[in-house]
Every structure is written in structure tokens, then in C-alpha cells.
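Let's take a friendly walk through the pockets and ring pairs of a protein model. Have the sequence and the 3D view ready.

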Amino acid sequence: MTHAMLKGSNVPLKATTVRAVLRWTPGQGVPDVDASALLLGLDGRVRSDEDFVFYNQPRHPSGKVWRLGKKRVAEGLTDTIQADLSGVESGVGQILLVASADGVTFDRVRSLSILLYDATADGEPLATFDIRPETGEETALICGELYRRGESWKFRALGEGYVNGLKGLATDFGISVDESEEASADPAAVQAPQTPQTAGPAQPLPPEQPTSPVPRQQPAYGYPANLPTYGYGYPDGAFRLPPQGPQFIGR
């Protein structure tokens, strides 16, 4: 039996491995949507940056939560997170299921829903939730959460949004997003090469003219454009979000 969820409602889960499928309808002007997951400790925050499963870090180190990727289906496009709930560490109390749209507002995403399946069996979804952003200005949404209740798990429909995107959401739950090197991508800091001058009598300098400031180009999510796109391997060990982008598979 499929449970049609309302915002804030919950349903107990008997399945030990679940597949959370984000689905939306593509079209002109509709942004690409990415699924991700945050594993939260018992204090409601991530234990480390490794608790963030997303497009550039698709598998949790425990191997129990991972991103399956995008597919084109008859109903539209999907992106999927799968979780082996029976093997999730006891220190994890919640798994947030997140949708982000790379800085584009969700009022442009059509027919967004999350469908929860028993990953070990074929058939209808265990639960469905049609997600309607509260304002339409959100650029990231917590679509739902898997959470512990004693020795079992439940699923709750949420639909809570962030206007500052995946970066704001991740920061809110303890992910360290470093923007200290953002200036390294500033085109205003790049100087034009100097034309060689031939020797000659010194000439008076012309009066200095006011110049218009060069517009600052912000990298996506504060991610320096001149550094690698993976979240680790930085000299200072800081975690950074790379730019999002279409990653369709299995067309």
C-alpha cells in the first residue's frame, strides 16, 4: 500500500533498504535538480564533512548511504539516494533527503515529488510526497527525512526550503564551507601584461582618470574556480562545494 504523505506526516518503515527517488518534469526554463543526503548525529548536526552525500561525494564512507544518479523515465527525470538502514551507524539519528537547483528558484521546477521504495522488492512505492515550496524562492529543499525511533526507522515528509541554496543548508547542519579563497577567482585581481617601453627622455605622467569597478563574478557556492572540483585534497584541508551541473545517466 502506498501512503500519500502530507507535509509533516510520517510513516513507519519495515523495509531495511530504501530508495528515495526525486522526480520532476523537465521543460524549457526548468532547472536541473540534484539529490543529496545529510547524515546527522544524535545532536542534529553532521559528525564530519564526510556525512554529506552529494553529486561530487556520491557514497558515504560507511557504504550504507549512496547516490544512484539520474535517469530519464516516462514521468520525467529522477535523481536517487539509497540507504541500507539496517547498517547505518548507531551514531546517526537522521538522514535528510535534499533537493537543490544550483541557485535557480524552485518555483520553476514542475511536479516535484519524492517517492520512497523498498529497494529489495519490486512494486509500488511505500510513500509519495508532492513537494510544494512555501514561497517559490527556495533554491534548496529538505524533501523528507529518515529518522530512528528506537530500533526502527520512520519517514517524515517535510518540504522545508532554503533561499541560499545547498551551501546555506549544508552550513546550517555543520558542514564547513570555506569562502576565504574566493578572492583568488576575482578577475579584477588579474593584471594586464605591460607593453615593453623603449628608452627615451622621461615624459610627465598623464592625470589619473577614474575607472569603473570591474563586476565581481561569484563562483558557485563560494567554490574557487582555480582549484580542483573535489571537496578534499586542499592544502588547508577545508571542505568546499563544487559547482553543480547536469549529470544524466541511463537516458
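## Pockets

On a 1 Å grid over the protein atoms alone, a pocket is an open set of points where a 1.4 Å probe fits, with protein on both sides within 12 Å along at least five of seven lines; its lining residues have an atom within 4 Å of a point. A volume is the space filled by probe spheres set on the points.

The largest pocket has about 250 Å³ of space. Among its lining residues are Arg19, Leu68, Lys71 and Tyr117.

## About the model

This is a predicted model, in which local features need pLDDT of at least 70, side-chain atom pairs count only at pLDDT 80 or more, and totals for chains, interfaces and linings use all residues. Residues are numbered from 1 along each chain as its sequence is written, and side-chain values use heavy atoms, leaving out hydrogens and water.

## Aromatic rings

Rings of Phe, Tyr and Trp (its six-membered ring) pair if their centres lie within 6.5 Å; planes under 30 degrees apart count as stacked, over 60 as edge-to-face and the rest as tilted. There are two aromatic pairs by this rule. Phe52 and Phe54 are stacked because their ring centres are 4.5 Å apart and their planes meet at 10°. Phe54 also pairs edge-to-face with Tyr55, at 5.0 Å between centres and 75° between planes.
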